[in-house]
Amino acid sequence: MPDLSINFCGIKSPNPFWLASAPPANSGYQVQKAFEQGWGGAVWKTIGAPVLNVCNRYGTMDYKGSKIIGLNNVELISDRPIELNLKEMAEAKRNFPNHAVIASIMVESKKEAWQEIVKRTEQTGCDGFELNFGCPHGMSERGMGSAMGQVPEYTRMVTEWVMEVATIPVIVKLTPNVTDIVIPARAALLGGASGLSLINTINSVMGVDLDTFELQPNVGGKGGHGGYAGPAVKPIALHLLSAVAADPDILKSRLPISGMGGVETWRDAVEFMLLGATSVQVCTAVMHWGFRIVEDMIEGMSNWMEEKGFETCDDFIGKSLPRVSNFGDFDLGFQSVARINHDKCIQCNLCYIACNDAAHQCIDLKELKITDEAKERLWPVVREEDCVGCDLCSRVCPVDDCITMVEIDTGRPHITWNELVKSKPEVLEWEEMEAYRETANIHIH
Amino acid sequence: MAEHYKPTKYKAWELTLEERFQEVYPPFSQREAVLEANRCLYCHDAPCMVACPTGIDIPTFIRKIATGNVKGSAKTILESNLMGATCARVCPVQVLCEGDCVLHADEKPIAIGRLQRYATDYANEKGIRFFKAGQPNGKKVAVVGAGPAGLSCAGELAKLGFSVTVYEKKVWAGGLSTYGIVVFREPVEVSLAEVKMIEELGVTIRNGIEIGKDLTFEELIAENDAIFVSIGLGNVPEMEIPGENLEGVHDGLDFVEETKTEALSTIKFGHRVCVVGAGNTAIDCATIARRLGAERVTMIYRRSEAEMPAYHFEYEFALKEGVSFMFLTQPVEILGKDGKVHGIKCVRMDLGQPDASGRRRPVHVPNSEFVVPCDMLIKAIGQVKPEGIIAMLAPFGIETEKGYIKVDQHNRTTHAKIFAGGDCVRSHGEASTVMAVQDGKIAAASIGEQLVGVARPLAAAVSKR
Ligand SMILES: Cc1cc2nc3c(=O)[nH]c(=O)nc-3n(C[C@H](O)[C@H](O)[C@H](O)COP(=O)(O)OP(=O)(O)OC[C@H]3O[C@@H](n4cnc5c(N)ncnc54)[C@H](O)[C@@H]3O)c2cc1C
Ligand SMILES: Cc1cc2nc3c(=O)[nH]c(=O)nc-3n(C[C@H](O)[C@H](O)[C@H](O)COP(=O)(O)O)c2cc1C
Ligand code: SF4
Ligand code: SF4
Ligand code: SF4
């Protein structure tokens, strides 16, 4: 069986699956139960400043019969007494010495306050810290959480305060609620962080009740923005992860990254790791299904690794990073067209209407006589010479592998946009662009 | 040709003979399996799992199909039930797992059986093996009878490190999974693939050896540290009416066996077939007669619809297959001409006061005799108890219960070295494959505990549900 254990800037864990700092990691009972069921680590629910919670903390995005494809919350950091949290943290670490116990902390923006909580918490024997610079509600209004994560100078400053006194690894948890996440990531690096984690939750309003006009979540008739998480945020998390992981400064520093935001299955976890995450954290999926999901995560990842011939996680962590690129560096000469497999096609004509109404009108409905039915329906047929290769039809087709995008060679030059505008800056004018298209065999009508 | 334009032939007479004996339900496509798996709620302490006699962790195996870990899904199933591929097909899911699914009321239950088939077939097609023989512990066990109970026990014992030999009187192993379950429910290959899996665990299966004839129990007991008796039941009993020896009168089990072992086109069947009995085997006989091509198939049962022992879904299946029923009808004589059956004389019945079984006792209606013409008559009124073997075991102090071998909840008989399970101990409860598999598991755990002191966790895990 492949070896799933990881070493995250010195924090060792039997597997890459950690509970995220959130309700599932709220107490010693929960964390120890999770370890028993197979979780490799837990980032304890954030401790620090005193808080009071409200009722009706959640709103959800349910989609066509599936519950919780997205989860919004207005919960604050831990509201349990700090002493109790520290006592239970010490106990969990004592009972599970080989598992990763990481303390998430957040206090007001004062050096003494941060340094005091670091010193106090280290006495539990925990393996590392995670600095919560991401909570987008309640705490941010008090100058904490995302209010710190959104100002790179603060991120760096607080990280430096912590690094001055911490003797164990420190992970900085980033907020997605910024324009360019690479900037706070670099600030954390400059502050001396040992690792990064992302993403915290995304600002969101879940919905409005059509009868009562109340917002969701509904706190006694009022509502406001809360943090969004769960499967629906995965693409955003993957983008922010890849942006940070592929950043040259971060790459050079070799800071490990703990990825999260929508991880629900081993497949999600593998994707995060292929894009550079060393560990993954999970909150919403556990809130929905319980700790037990980890068994399949471990087994599914092991089976996949075995199939691919990977012996350790390091064999595939970051394997897709070299493919992270930018529009300007894509090959303009790469051409594909849609091809329909009429043996599989069930003639729903969704491809036809999508192409006709929302793409480039290059699918026709034709009589093909491929069966001996008297009343054979018309078949969708792609006019390949007019197909721009946008891929919409294959995305809407309900039948697996029925429409495939096949690569074709149209003799277009293999050049990127950046190369083109460098060698032919004149194409930035429409007339010259038309001329270039003629020579490059690109015809758009 | 476009796949979906291939004609869907749903009328029996449009199908070829071979097509009519394909599995009733086609396998799930990947898409169907994933859609169905995603419909499952992944309940905590799920009732479906509690209802499974082998305690398969159903929500977990279904979730693994949903996440694309089909290999792990099969492992979850087989960990609890080595005959998972057979059970996926033959279990009366409507009264077990699916019957207890929480979606029963509002939606429709999850197709647990078909999902289980999807996962186990996946592993089988890919030749994936999940278990290895345990470290040899130096102990020898003989298993008598290679049906689901015997194979399950043998496989679990091999995992614990026992050296196991299974003696089977028939040419093939698998018991009724190989010889008795109609092919359109379970093809023979599925059962034989399970046999192969058990053999690959290091179990020796000796076919063609009948215990009591070719080898004695004395010999087995002398040579082994324990024996597990899983001989099942016998053939269909006599109806004890005149004419049973006429040509054209068949034993229902032999009839089913023929359709599993012979070329379908060579099997003789009548055009007016009467089946006596109304249990699940009787339904099997009636429906295969229809599928072979019999024009009229009538089931004759002395009580009414409400008392019939067949599962309701089996009754519905028979009706759909075009089988007709004569309730409150008792055969009294089989009529023949030139030594061949040509009719069955019956009397009408009424229901009187409840009898010992709580069902209303059928009583004759005077002067109500009539004849149902037929050219084939199939007896399917149950299976005889294993009297011969029980007589051979009696000198060892083995006790019986209602004519079955008596065992305790750990499948121990009254002799310290002898364990038993499967249909031959089923003095109460429904005789079914899954119960036989569970007996084998429990017995293996008890043998392990008794002989090498292991298997405590297994024993706990397999406590009877
Ligand atoms: C027609 C029919 C249809 C059925 N359909 C279903 C169904 O759809 N679903 C379901 O759950 N159950 C069904 N059952 C019941 C199910 O098949 C049995 O409950 C199950 O097979 C019992 O397993 P077993 O191992 O106890 O016995 P068996 O399967 O009967 O196996 C006993 C084995 O022992 C061998 N044997 C007997 N005596 C000796 C001897 N002296 N020496 C060596 N070997 C010996 C036999 O040849 C046989 O192979 C059906 C039964 C019948 C008859
Ligand atoms: C109810 C709830 C409470 C949370 N509380 C915290 C917290 O105290 N500290 C923190 O760093 N992140 C907190 N988070 C964010 C999660 O740790 C995580 O970053 C986010 O939920 C994305 O992961 P997911 O998609 O697996 O849920 C919380 C999330 C939720 C849903
Ligand atoms: S989940 Fe538990 S704590 Fe929360 S509202 Fe429901 S019953 Fe109350
Ligand atoms: S969307 Fe797919 S299935 Fe539907 S008509 Fe187009 S090719 Fe056929
Ligand atoms: S009871 Fe039904 S929905 Fe619940 S876990 Fe079992 S199969 Fe799934």
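Student: Leaving aside its neighbours within four places in sequence, which residues is Ala318(B) in contact with?

Tutor: Ala318(B) touches Ile283(B), Thr287(B), Val323(B) and Phe325(B). Keep in mind that this is a predicted model.

Student: Where is Ala318(B) found?

Tutor: Look at helix 15 of chain B, residues 312–320.

Student: Why is Ala318(B) called buried?

Tutor: Set the value against the cut-off: buried means under 20% relative accessible area. Ala318(B) has 0%, so the word buried applies.

Student: What separates the C-alpha atoms of Ala318(B) and Cys285(B)?

Tutor: A distance of 10.0 Å, for two residues that are 33 residues apart along the chain.

Student: On to charges. What makes Arg383(A) and Asp364(A) a salt bridge?

Tutor: The rule wants a side-chain nitrogen of Lys or Arg within 4 Å of a carboxyl oxygen of Asp or Glu. Here the closest N and O atoms are 2.6 Å apart, so the pair passes the 4 Å limit.

Student: Why say that this pair ties together parts of chain A?

Tutor: Check where each partner sits. Arg383(A) lies in the loop between strand 20 (379–382) and helix 13 (392–396), while Asp364(A) is in strand 19 (residues 363–366), so the bridge links parts that are 19 residues apart in sequence.

Student: What about Lys369(A) and Glu367(A), are they buried or exposed?

Tutor: Both Lys369(A) and Glu367(A) are exposed. Their side chains meet in a salt bridge, with 3.5 Å from N to O.

Student: How do you know that Asp408(B) and Arg412(B) form a salt bridge?

Tutor: Their closest N and O atoms are 2.9 Å apart, and the rule asks for within 4 Å, so the pair qualifies. As for accessibility, Asp408(B) has 28%, so Asp408(B) is partly exposed. Arg412(B) has 36%, which means Arg412(B) is partly exposed as well.

Student: Which residues of chain B are linked in a network of salt bridges?

Tutor: Glu23(B), Arg89(B), Arg117(B) and Asp121(B). Over all chains, the structure holds 44 salt bridges.

Student: How many salt bridges does the rule find across the interface of chain A and chain B?

Tutor: Three. One of them joins the side chains of Glu306(A) and Lys71(B), at 3.4 Å from N to O. There are also 11 residue pairs in polar contact between the two chains.

Student: Which helix of chain A gives the largest share of the side that touches chain B?

Tutor: Helix 11, with six residues. Helix 9 (266–274) and helix 11 (294–308) each supply at least two residues of that side. By type, the side divides into eight nonpolar, six polar and 13 charged residues.

Student: What is the area buried between chain A and chain B?

Tutor: About 1,900 Å², with carbon and sulfur atoms giving 44% of that. In residue terms, 27 residues of chain A are in contact with 20 residues of chain B.

Student: Let's do the ligands. What makes Asp423(B) a polar contact of ligand 1?

Tutor: A polar side-chain atom of Asp423(B) lies 2.7 Å from an oxygen atom of ligand 1, and the limit is 3.5 Å, so the pair counts. Backbone atoms take part as well: a polar one of Ala149(B) is 3.0 Å from a ligand 1 oxygen, and one of Ser432(B) is 3.3 Å from a ligand 1 oxygen.

Student: Which residues come nearest to ligand 4?

Tutor: Of the 13 around ligand 4, they are Cys345(A), Cys348(A), Asn349(A), Cys351(A) and Cys397(A). The shell divides into 11 nonpolar, two polar and no charged residues.

Methods:
Residues numbered from 1 in each chain as written. Chains lettered and ligands numbered in written order. Predicted model: local features only at pLDDT ≥ 70, side-chain atom pairs only at ≥ 80, totals over all residues. Heavy atoms only, no water. Contact = heavy atoms within 4.5 Å. Buried area = accessible area lost by both parts, 1.4 Å probe. Polar contact = N/O pair within 3.5 Å; in protein donor to acceptor, adjacent residues only side chain to side chain. Helix = DSSP H or I, 4+ residues; strand = E, 2+ residues; numbered from the N terminus. Nonpolar A, V, L, I, M, F, W, Y, C, P; charged D, E, K, R; others polar. Buried < 20%, exposed > 50% of the residue type's maximum accessible area, 1.4 Å probe, protein only. Near = heavy atom within 4 Å.
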